[in-house]
Amino acid sequence: MKPLLKFEELRIKKAQLNEEASVPDLTDGQILQNWMKFFLDEEDEIYEGYGRLAGSWPYRQFSCYTRRLREENVKAAILENDYLKAVFLPEYGGRLWSLWDKQADRSLLYTNEVLRFSNLAVRNAWFAGGVEWNVGVIGHSPFTTAPLFTAKLSLSDGTPVLRMYEYERIRQVTWQMDFWLGEEDRFLNARMRIVNFGEKVTPMYWWSNIAVPEEKDGRILVPASEAFTFRNWGVYKVPVPMVDGADISHYENIPASVDYFFDIPDGAPKYIAHADASGYGLLHLSTDRLRSRKLFSWGHRPAAWHWQEFLSDGNGRYVEIQAGLGKTQYGCIPMAPHTAWEWLERYGALQLSEKQLSLSFEKARDSLTEQIRESAVYQPMRGLLRDTKAMAKQEAQTVWKGSGFGAMKNRERALFGEKPISLHLDYGEPDEGQKRWLAFLETGVLHEPEADCRPDLFLSDEVWKKKLEETIEDINRENWYAHYHLGLFAFRDGDIPKSIRQFEASKACRKNAWALHGLAAAYLAWASEAEDGEKAGAGEAEGRKERAAEAMEEGLRMRTEDLSYLKEGFRILSLCGAWTRICRLYPSLPETMQADGRLRFYEVLALDETGSPEQAFELMEADGGLVLDDVREGETNLGGLWQRLQKKLTGKEEPVPYRYDFKAI
């Protein structure tokens, strides 16, 4: 058959993602990398910690999803030839949802078959399965559950090309992905392009995150003899495959959740292979720009199984093999201004020979490396990347739209006489909210919504901060919304006293829940500074936490039916240790809000902390046991809380029940 590209809708069982949070992500600083120590050699150069962020601002969080599944239509882009069928989900970060080997009649990826979310991404909501494209910031991409621009074009020989792209707002770069299957291609081609069009060096991150089924006697092969890994709050380099007496290339031997970042030598072909007991599986190849490979396993403890069940609908277990720009995910790498980074990835079937199956990791690795080096799939990749450069800069026909932020950036740049962020990518038109902000840039008059309206959007570029500062003393002096956004900029810049002044000014102009949330976050951050002894004595901390809790309770009473606000507010109260306030607020909420698992969790905590363990345990065990739809990776609070309550009530140490066990490390 001739290669084809089609756009249609699939029926997929999915949970409800629901709308984005109404408040910005100001206090979500629980980033694992922030507490790491590195024990590496001087030549390792992994840019440890470079480009870390404490939250997702200006992107909003997705924190109000549920676990309930229902079958719905989901947009899909499908590439197909005689050998492969690739299905993409443009509404969900362009996820390569499935890759089917038509000759073997087998899937090359772990396809989850349901979209079910949990808190593992930069913006909270993440789902397992397929291939995820992670760009810009450390972690699962801001686009994990966001739509991309989707378009079509052709190679010079008429082969259809699927293009997906967006504008990344934190790093302020454009990125695009071009996919195609030629008539004789047995590997999916993925041509990637990131452009830093700005004037400054920016931290950059990319990892292609590939889920493959965990197979009985499955193994991975990669051209490396060492790997970086994390243990005991430190990052170390270890020889592979034998780590602590276990051969980690046979991933069933891995006991606990862990990452291994393989250090591939210069000059070696960049690949990672996954094979089942028969030697069949997936081979991932790339040109040299994508220099590293990784293995992630949930491990083989009950919590690991629980996590995979929690993220799926009984679709089995998986491991992840990944490919990235940097040596590890513990830092970004610097990207020069006015620079484009491009590379080619290929995804296709692998079949190890019987002889290779019988070899040790080292010998099988060396055998496969030489086989790949000479193969007709790997050898042409550099030339193909070069020969398709002109195609990558061609305009394409838009099929589905993404966000309006790229268009907004183009309008902003045009006001200052600057070129568009891309000459060939069509970013459409700004939406109505974005147009209101663009009008402010032209006139200096910022729109002022009603105080009970959700903020229309959040912005982080310096041009907006500068314009607000220029107009706040005259044109926008009495505008609560202008003071609120200046408070957000000051908070981002680490100027906590200034942020407090601006949030107070916003509240003085018009009482609003948004400034109260900002005040709570600012006082909580200020309390942390006091506890660290950096800018005040430790005795200041409790007073600042009390002011944070007071502001947060006031805001919560104004937003009793806004679930995202309630979740963030209760979290801030818990961080302040304001347990009495939680116990006072929770019973006053509508029943629909009280039924939310995360809010109920905070109430259980508060009841325990205020001396009511019996009532806390009863609430925790109600309705078959507390379920946190948004349980976080690495979160052990749920099991620990159950154990603590159980011991208080019975005097006995009990193991954490399976339903509460998420401690996979």
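Q: A salt bridge is a side-chain nitrogen of Lys or Arg within 4 Å of a carboxyl oxygen of Asp or Glu. Which residues are linked in a network of salt bridges?
A: First, the ground rules: this is a predicted model, in which local features need pLDDT of at least 70 and side-chain atom pairs count only at pLDDT 80 or more, while totals for chains, interfaces and linings use all residues. Residues are numbered from 1 along each chain as its sequence is written, and side-chain values use heavy atoms, with hydrogens and water left out. With that settled, the network of salt bridges links Glu546, Glu553, Arg557, Arg581 and Arg584.

Q: Is Glu553 buried or exposed?
A: You'll find Glu553 in helix H12 (residues 540–556); helices (H or I, at least four residues) and strands (E, at least two) are DSSP runs, numbered from the N terminus. Buried means under 20% relative accessible area, exposed over 50%, and partly exposed in between (1.4 Å probe, protein chains only). Since the relative accessible area of Glu553 is 7%, the residue counts as buried.

Q: What separates the C-alpha atoms of Glu553 and Arg584?
A: Glu553 and Arg584 both belong to the salt-bridge network. They sit 31 residues apart along the chain, and the separation of their C-alpha atoms is 9.7 Å.

Q: How many residues apart in sequence are the parts that Arg11 and Glu71 tie together?
A: The side chains of Arg11 and Glu71 form a salt bridge, at 3.5 Å from N to O. Arg11 is in strand E1 (residues 4–15) and Glu71 is in strand E3, so the parts they tie together are apart in sequence by 60 residues.

Q: Which strand holds Arg106, the partner of Asp276?
A: Asp276 and Arg106 meet through their side chains in a salt bridge of 2.9 Å, N to O. The pair ties together parts 170 residues apart in sequence, because Asp276 lies in the loop between strand E23 (270–275) and strand E24 (280–286), while Arg106 lies in strand E6 (residues 106–107). Asp276 is buried at 8% relative accessibility, whereas Arg106 is partly exposed at 30%. The strand asked for is E6.

Q: Which helix holds Lys409, the partner of Asp461?
A: Asp461 and Lys409 form a salt bridge, with their closest N and O atoms 2.7 Å apart. Asp461 is in the loop between helix H7 (432–443) and helix H8 (462–471), so the pair ties together parts 52 residues apart in sequence. Both Asp461 and Lys409 are buried. As for Lys409, its helix (residues 405–415) is H6.

Q: How many of the 13 residues of helix H16 are buried?
A: H16 covers residues 597–609. Among its buried residues are Arg598, Phe601, Glu603 and Asp608. H16 is largely enclosed by the rest of the structure, because its buried residues number 12.

Q: Which residues gather in a patch of negative charge on the surface?
A: Patches are made of residues with over 30% relative accessible area and no salt bridge, with like charges joined within 9 Å and nonpolar side chains (Val, Leu, Ile, Met, Phe, Trp, Tyr) within 5 Å. One member, Glu42, is exposed at 79% relative accessibility and lies in the loop between strand E2 (37–38) and strand E3 (69–80). The negative patch is made up of Asp41, Glu42, Glu43 and Glu45.

Q: Which residue is joined to Pro241 by a cis peptide bond?
A: Pro241 is in the loop between strand E19 (234–239) and strand E20 (242–243). Omega of the cis bond is about 20°, and the partner of Pro241 is Val240.

Q: What is phi of Asn232, roughly?
A: Asn232 lies in the loop between strand E18 (226–231) and E19, and at 70% relative accessibility it is exposed. Asn232 is not a glycine, yet its phi is positive, at about 50°.

Definitions and conventions. Accessible areas come from the Shrake-Rupley method with a 1.4 Å probe; for residues, only the protein chains shown count as cover. Lys and Arg count as positive and Asp and Glu as negative; His and the chain ends are not counted. The place of a charge is taken as NZ of Lys, CZ of Arg, CG of Asp or CD of Glu. The expected span of a helix is 1.5 Å times one less than its number of residues.
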